[in-house]
Amino acid sequence: MEPGPGPGSGPGSGPGSGPGSGPWAATACVITGASRGFGRSLARLLAPQLGPGSALVLLARSAEALAQLAAELRSGTTGINTGSDTGIHTGLRVQCVPADLGCPEGLRRAGDALRELLQDGTFGRLLLVNNAGSLGDISKSFLDLTDLEEINTYFSFNISSALCLTSSALRAFGARPGCSRTVVNISSLCALEPFPSWALYCSGKAARDMMFRVLAKEEPEIRVLSYAPGPLDTDMQLLARTSTADPGLRQQFQRMQEKGQLIECSVSAQKLLRLLQEDSFPSGAHVDFYDI
Ligand code: NAP
C-alpha cells in the first residue's frame, strides 16, 4: 500500500498513512449498522487506526452482536490481518448504542448518546459513518406500494434518521478550531441507476446522496463522502437474490453469487479507509468501489 498523508497533514487531516502505521488520535468515530455486514467489517478495520483518546461508537438494533464486536475490538483481537499491532488499542473506548433508527424512541436514544459523547472537548476529530440501511419490501413492484405507512416507515429509517443523526452529531461536536469533521454516507449504484422493484431503495439512496451534497455545499469545512461499496456478500445481498420481485434482476444477483463476483466486506471497507486516509475526494462526491 502506498503511503498517504500523516495525521493532521492532509487537506482535511485524514488519519495515518495506512493500516497500523499511524493512528487517528483523539477521534470520535460513529458507525451505524455496525452489528453485521459492511458496518462490522469497517469497525474491525477502523479500530486499530484509532489512537489514544479515541472513542468508537457502534450503533444497531442487535445489542448482543454489538456487545460481542465491542469485546473483540477492546481486546484487540479483530481476527483480521490489518498489519497492525493489536496492542495499539490502549485507550480506545468502544461504546455500544443498541437503538432502532426506524422509530422516534430509538433515534432519540441514539441522538442522546452521541450528544453526551461528542460534547467532550478533548476530541480533535469526528468521523460519522451513516451505514445502516435496508432494502424495504423488494418483493413488491412500484404498483404494489400503496401503503403510506409502509412507505413513510421506510424513508423515515433510510433517509430521515441519517439526516437527524448527522445534524445532531455535527451540532454536538461543533466547529472546533483545528479539528476535522468527516461524514460518510454509505450509498449505492442504486442512487444513480433505477433497479426494477427497488423503488424504495433507489429513491432512498438517491435522496441521501443529494442530502449529503447539500451538507457539503452548506458546510465547506466538513468533509462529506458518499461511498458506494459495490455488491457485498452480506444478508442484504441474500435478500436481493431471493426476494427481488423482478425476475431478471433476481437472476442477475443469483448469477453474481454463483460466479463469485460478490465483494468481501473487508475488501470494500479497506478501500473506504484508504479514501479517508488520502482525504483528497471532492466534498460531497459519490465514489464507487469500482472507480478506485
Ligand atoms: P446488512 O447486512 O443488511 O446490515 C445492515 C446493518 O444495518 C446491520 O448492522 C443492521 O443491524 C443495521 N440496521 C438495519 N435496520 C436498522 C434499524 N432500524 N436501526 C438501526 N440499525 C439497523 O447490510 P449491508 O449489506 O452490510 O449494507 C450496509 C450498507 O451498504 C447499507 O447502507 C446498504 O444499503 C449499502 N450497500 C450494500 C450493498 C450490498 O450489496 N450489500 C451494496 C451497495 C450498498 P441490526 O439488524 O442489528 O439493527
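Predicted model: local features only at pLDDT ≥ 70, side-chain atom pairs only at ≥ 80, totals over all residues.
Local features require pLDDT of at least 70 and side-chain atom pairs count only at pLDDT 80 or more, whereas totals for chains, interfaces and linings use all residues. Residues are numbered from 1 along each chain as its sequence is written, and side-chain values use heavy atoms, with hydrogens and water left out.

The structure holds 3 cavities of 30 Å³ or more (a cavity is a set of points on a 1 Å grid over the protein atoms alone where a 1.4 Å probe fits but cannot get out; volume is the space filled by probe spheres set on the points, which are joined across faces, edges and corners). The second largest cavity has a volume of about 60 Å³. Its lining (residues with an atom within 4 Å of a point) comprises Thr32, Leu101, Asn130, Ala132, Phe157, Asn158, Ser161, Ala162, Leu165 and Arg208. These residues divide into 5 nonpolar, 4 polar and 1 charged. Helix H4 (residues 148-173) gives the most to this lining, with 5 residues; helices are DSSP runs of H or I with at least four residues, numbered from the N terminus.

Helix H3 (residues 104-118) packs with H4 at an angle of about 20 degrees, the axes being 8 Å apart (axes are lines fitted to C-alpha atoms over the stretch in contact, and angles run from 0 to 180 degrees between N-to-C directions). H3 and H4 are therefore roughly parallel to each other, a term for angles under 35 degrees. In the contact (heavy atoms within 4.5 Å), Leu107, Ala110, Gly111, Leu114, Arg115 and Leu118 of H3 meet Ser161, Cys164, Leu165, Ser168, Ala169, Ala172 and Phe173 of H4. The residues of this contact divide into 9 nonpolar, 3 polar and 1 charged; Ala, Val, Leu, Ile, Met, Phe, Trp, Tyr, Cys and Pro count as nonpolar, Asp, Glu, Lys and Arg as charged, and the others, Gly among them, as polar.

Methods. 1 Å grid on protein atoms, 1.4 Å probe; cavity = no way out; pocket = protein on both sides within 12 Å on 5 of 7 lines; lining within 4 Å. Helix = DSSP H or I, 4+ residues; strand = E, 2+ residues; numbered from the N terminus. Parallel < 35°, antiparallel > 145°, perpendicular 65-115°, else oblique.
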